[in-house]
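Thanks for coming. I will go through one model today, and I would like you to keep it open on your screens.

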Amino acid sequence: MASMTAEDLTPDTAEFILEVADVRKAFPGVVALDNVQLKVRPGTVHALMGENGAGKSTLMKIIAGVYMPDQGEVRLKGQPLALQGPLDALEAGIAMIHQELNLMPFMTIAENIWIRREPLNAFGMINHDKMNQMTEALFERLGIDMDPETEVRKLTVAGRQMIEIAKAVSYESDVLIMDEPTSSLADREVEHLFRIISDLRAQGKGIIYITHKMDEVFEIADDISVFRDGQFIYSAAASEMTSNEIIKLMVGREVTQMFPKEEVPIGEVVLSVHNLCLEGVFEDISFEVRAGEILGLAGLVGSGRTNIAETLFGVTPPTSGSIYIDGKEEIISSPHQAMLRGLALLTEDRKETGLFLGLSVEENMEMAVLRDGYTRGTFVDQHRLDQECDSMKERLRVKTPSMEERIGNLSGGNQQKVLIGRWLLTKPRILILDEPTRGIDVGAKAEIHKLITELVKQGVAVIMISSELPEVLGMSDRIMVMHQGRVTGFLNRSEANQVNVMELASSPAQPSAVEA
C-alpha cells in the first residue's frame, strides 16, 4: 500500500473490504472526527495509531454502528452502509472487540458468546447442551481451554478478554475491529491471539487493529494509518514506516525519553510486609519499600500481583501475615483505613473498579477526597476542590470539553488520567499502581512515567505492577518477581533484564526466594 496523506488519499486499483470516506462526528464541545479517511484491504491487518483522544475509538464505534456519523460514508465491499445500531453492523459483517469489556458477569461463557443467537429446542427453549457444544467447537478452533459453563465473573481480566475475542470471531464477520485486544494479556496469550489473527487473515478477513504497543504493530500489521486530534494524518505499508516516524506523526513532536528514570535518594523503609498470605491465592509474601523507591512487581497473569495490591489496600484482608507502616504494625481491613494510613491504589480495571461512568470528570476525580481535607465543618469547600481538580487536569493533560463532561464520553486513556489524578489529590505516601499505562498512548505514557519520577523525588514510595516488561525494567529500582502466588526472586535495577525476569516469572518459587 503506497504512503498517503490527507491531501492525496484517493481510490486506487486495490480492492478494499472496508472504506471510510469524509466521516465527521462532533459531540457537545468537541469535534471528535473531522472528515477522516480509512481503507482496509481484505486479508490484511490495518493498524490504526494515534494518541488518546485522536478519534480512533470514535471511528470504530461508527463503523460498528454504535454512533451515527454527522456526515461521510462507510462502505463494506464497495456498498454504502446505513447502520442504525450494532446489530445492523453484525448482520452486515462487522464485529468489534471493545477496549472496555462488555460481558455480563453472572452469565456463563457460552451464554455471553451466543446471546441473542441461542439455539432453541423443539419447545422454543434455549438448548444449553447444544450451546455448550457450539462453544466447545469454537474454542477448539481457537485453541482456548475454558469450560463453557463457567460464569464470567469467575474469570480473570485476561480470561474475559479472550471471551470477547472468541465472541467476535463467532459472528464469522468480514471485518473485525480489535480495540486494544492485548491490554490485559500476558505474552503467551498475546502469541495465542496473533495465531488467531493469522488464521483470520488467511481467510480473507479485514482486521482493524488499535494498539499503543509499537512492537505489536510491526509484528502483525500490514498497513498503518495515523490519526491526530480527530484528523487523518498519514497511511502507509508497515514495512515503509519506523516506530519513531509513527510516534512523531501521532504526537506532532519528538518523544525523546520514554522512561525518564533519575537517580533519587532512597530513604527509610515506609512499607514492610512479612509472610503475608491469602488462602488459595498467594502465600509467604515478604518485601519492603522505601521512600523514593519504585518497586516493580512482575509476573505472568494469575501470579497474584493484583491480589497483593488489593490486600495491602484493604479490599481483601489477608489470611495471615503482617503489614508495617513506618515500623508500626497496621491492621488494614478496608480501603478507607488504607487511605488514612497514606496508601492509594490505582486499580487494574478502570471500568469495573475505578470509574463511575455516569458521573462527571470532576466528580470522578474528587471522589477520594470528599471526606477528608476539603471540608469546612459539615460542608465541602467546593471552590477549593474545583481549583485543585482543574489544576490536576492541566497537570495530567486530560482532554475533556469541561470538568462537567460525563467521564464515559472520554477516551480510555483520558479516563485513566482522571483516575491517576484522583489518587494524587489524596497526597499518598505509598502509591500502588496496577497497570498504570494500560490503554495509554506513547506520548501520555512518557508523561505518566515522568510524573512517577517526580513523585518519588518527593519521597513517595511506589509499587508498580505492569505486564509490559520494558516499563518494569525502565522504571523500577528493584523488581519482585512472582509465579503462581509465590515470590520467585528479587532483582536490582543493574542486574534485571527481560531474560532473567521471564525465567523467574515462569519458574516455581525456591525456598531461598526471599528478600535479603
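I will cover confidence, then a sheet with its helices, then some ring contacts.

This is a predicted model, with residues numbered from 1 along each chain as its sequence is written. Local features need pLDDT of at least 70, side-chain atom pairs count only at pLDDT 80 or more, totals for chains, interfaces and linings use all residues, and side-chain values use heavy atoms, with hydrogens and water left out.

On confidence: pLDDT, the predictor's confidence in each residue from 0 to 100, averages 87 over the chain, and 91% of the residues score at least 70. Where pLDDT is low, the predicted coordinates should not be read in detail.

Now the sheet. Helices (H or I, at least four residues) and strands (E, at least two) are DSSP runs, numbered from the N terminus, and two strands pair if DSSP finds at least two bridges between them. The open sheet has 6 strands with mixed pairing, in the order S17-S20-S21-S14-S22-S23. S17 (343–346) and S23 (486–492) each have a single partner strand, so one side of each is left without a neighbour in the sheet. From one strand to the next, the twist averages 20 degrees. S14 (residues 294–299) and S22 (residues 478–483) run parallel, joined by 5 bridges; Leu295 has Arg478 in S22 as its bridge partner.

Which helices lie on this sheet? Helix H9 (residues 305–312) lies across S14, S17, S20, S21 and S22, at about 145 degrees to S21. Helix H14 (residues 412–424) packs on the sheet too, touching S17 and S20, and makes about 175 degrees with S17. Axes here are lines fitted to C-alpha atoms, for helices over the stretch in contact, with angles from 0 to 180 degrees between N-to-C directions.

Trp423 in H14 pairs with Phe313, in the loop between H9 and strand S15 (320–325), 110 residues apart. Their ring centres are 5.6 Å apart and their planes at 90 degrees, so the pair is edge-to-face. Rings of Phe, Tyr and Trp (its six-membered ring) pair if their centres lie within 6.5 Å; planes under 30 degrees apart are stacked, over 60 edge-to-face, the rest tilted. Phe313 and Trp423 are both buried, meaning under 20% relative accessible area with a 1.4 Å probe, protein chains only.

Key
Contact means heavy atoms within 4.5 Å. Buried means under 20% relative accessible area, exposed over 50%, partly exposed in between (1.4 Å probe, protein chains only).
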